[in-house]
Amino acid sequence: MIRALTTAFMIGAMPAQALAQACGTTDLIAELTPEERVRLDELVAPHPYGEGILFRADRGEESAIVVGTIHIPDPRLTPIVETIRPHLENAELLVLEATSEDEAGIQQLAAEKPEMFFITEGPTLIDLLSQEEWASVTERLQALGIPGFLAAKFQPWYLSMTLAIPPCAMTLLQSGEKGLDRQLEIIAGENGVPLATLDDTEAVLRIFADEPLERQLDGLRVTLETQQSGDAATSTLLKGYFDGRLRETWEFARIQLDRSNVEDADEMFEEINRTLLVDRNRTWEHRLADMIAGKDVVIAVGGAHLSGESGVLRALERAGYEISPL
């Protein structure tokens with residue numbers, strides 16, 4: 001389930017044909033049954049700004065360029081970057097969820113607080129999962145080149161995040177290419193544009209790490225059951241993103257969860273939706289208003305955060321900005 005909702009895969013920027021060969025061209029949304037398609041449309045419909053990647057927000061002489069990002073390097077990001085570039089080069093601030101420095105700090109956090117990431121005492125995942133479940137885990141880890149004995153001591157949430165990396169992306173992950181947010185951060189640095197962040201990295205990770213162990217195990221089991229093909233999940237995410245169907249790719253996770261026949265599936269999705277999107281968006285709204293007041297800015301946040309009543313675009317409307325597609 002975590003893969004479906006928090007995918008941040010890093011796929012090397014390479015020719016589109018090679019990218020398709022690496023991760024495939026499957027679009028799982030296109031394979032929905034007619035009944036599922038109707039339900040997905042109904043889930044997406046209530047959310048304002050459910051489509052689109054790039055927007056402009058204006059308030060008097062102030063302006064903001066708002067872009068929904070993915071963290072996946074892809075050659076199709078180039079025209080998006082080039083559209084934003086002139087605005088960013090002249091901006092007074094770039095607002096991100098987190099900077100590259102914040103992400104690099106995760107390693108230090110793991111060293112300082114290993115209990116967040118690893119099982120430091122008691123039974124390992126080999127004991128906590130059934131033989132069938134652990135066999136499924138080790139099979140997937142093998143495709144990623146990760147030893148099972150090492151992952152046995154991962155906290156369940158951390159293993160779920162690890163399994164979120166599709167095999168097609170593992171070798172490309174190390175290529176050094178950048179997703180959209182990191183490309184914009186580089187441009188900002190080259191032009192002396194200051195950075196501001198909306199998230200506290202540790203606080204976001206604690207959304208997962210502070211869950212009771214049994215709840216984490218439930219989430220891991222859902223991931224194992226619902227996310228059989230990381231490559232197909234990745235190609236579906238990419239297809240939806242570049243088509244501008246950002247809310248649809250988020251709500252599709254609910255359909256996948258329904259298919260799994262997981263007990264309390266709707267409740268589980270709503271909890272994740274609340275903690276990862278709604279609550280964070282509401283926290284951001286207060287910070288964002290103060291950050292951008294009186295400035296021309298570029299705001300780059302994960303695509304799922306744009307839409308909905310709690311989304312960034314509605315927040316800007318409430319702050320007096322007029323929103324239009326860019």
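In which helix is the place of T162? T162 sits in helix α9. The views below come from a predicted model, where local features need pLDDT of at least 70, side-chain atom pairs count only at pLDDT 80 or more, and totals for chains, interfaces and linings use all residues. Residues are numbered from 1 along each chain as its sequence is written, and side-chain values use heavy atoms, with hydrogens and water left out.

**View 1. T162 in helix α9.** Helices (H or I, at least four residues) and strands (E, at least two) are DSSP runs, numbered from the N terminus. T162 counts as buried because its relative accessibility is 9%; buried means under 20% relative accessible area, exposed over 50%, partly exposed in between (1.4 Å probe, protein chains only). A polar atom of the T162 side chain lies 2.9 Å from the backbone oxygen of Y158. Not counting residues up to four places away in sequence, T162 touches L141, L144, I146 and F154. Contact means heavy atoms within 4.5 Å.

**View 2. The aromatic pair F117 and W157.** The whole structure holds 11 aromatic pairs. F117 and W157 form a tilted pair, 5.5 Å centre to centre, with 50° between the planes. Rings of Phe, Tyr and Trp (its six-membered ring) pair if their centres lie within 6.5 Å; planes under 30 degrees apart count as stacked, over 60 as edge-to-face and the rest as tilted. The pair links distant parts of the chain, 40 residues apart. F117 is in the loop between α5 (100-112) and α6 (125-128), and W157 is in helix α9 (residues 156-163). Both F117 and W157 are buried. Ring pairs join F117, F118, F154, W157, Y158 and F208 into a cluster.

**View 3. The open sheet of 6 strands.** The strand order is β4-β3-β5-β2-β1-β6, with mixed pairing. Two strands pair if DSSP finds at least two bridges between them. β4 (195-197) and β6 (322-325) stand at the edges with a single partner strand each, so one side of each has no neighbour in the sheet. The twist averages 20° from one strand to the next. Axes are lines fitted to C-alpha atoms, for helices over the stretch in contact, and angles run from 0 to 180 degrees between N-to-C directions.

**View 4. Strand β5 and its partners.** In β5 (residues 297-302), 6 of its 6 residues are buried. Strand β2 (residues 62-69) runs parallel to β5, joined by 6 bridges. The bridge partner of V66 in β5 is I299. Strand β3 (residues 93-96) also pairs with β5 in the parallel sense, over 4 bridges. Here L93 has V297 as its bridge partner.

**View 5. F55 in strand β1.** F55 is buried, with a relative accessible area of 5%. The C-alpha atoms of F55 and V66 are separated by 5.1 Å, although the two residues are 11 apart along the chain. Beyond four places in sequence, F55 touches residues including Y49, A64, L306, L313 and I323. Strand β1 (residues 54-59) runs antiparallel to β6, joined by 4 bridges. A57 stands opposite I323 in β6.

**View 6. The largest nonpolar core, with 45 residues.** A nonpolar core is a set of buried Ala, Val, Leu, Ile, Met, Phe, Trp, Tyr and Cys residues joined through side-chain atoms within 4.5 Å. V67, I80, L88, I292, I299 and L316 have the most contacts inside this core. Its largest share, 5 residues, comes from β5. Leaving aside neighbours within four places in sequence, L88 is in contact with L94, L184, I187, A188, V193 and V298. A second, separate core of 19 residues includes L109, M116, A265 and M268.

Technical notes:
A polar contact is a pair of N or O atoms within 3.5 Å; within protein, one must be able to donate a hydrogen and the other to accept it, and residues adjacent in sequence count only if both atoms are side-chain atoms.
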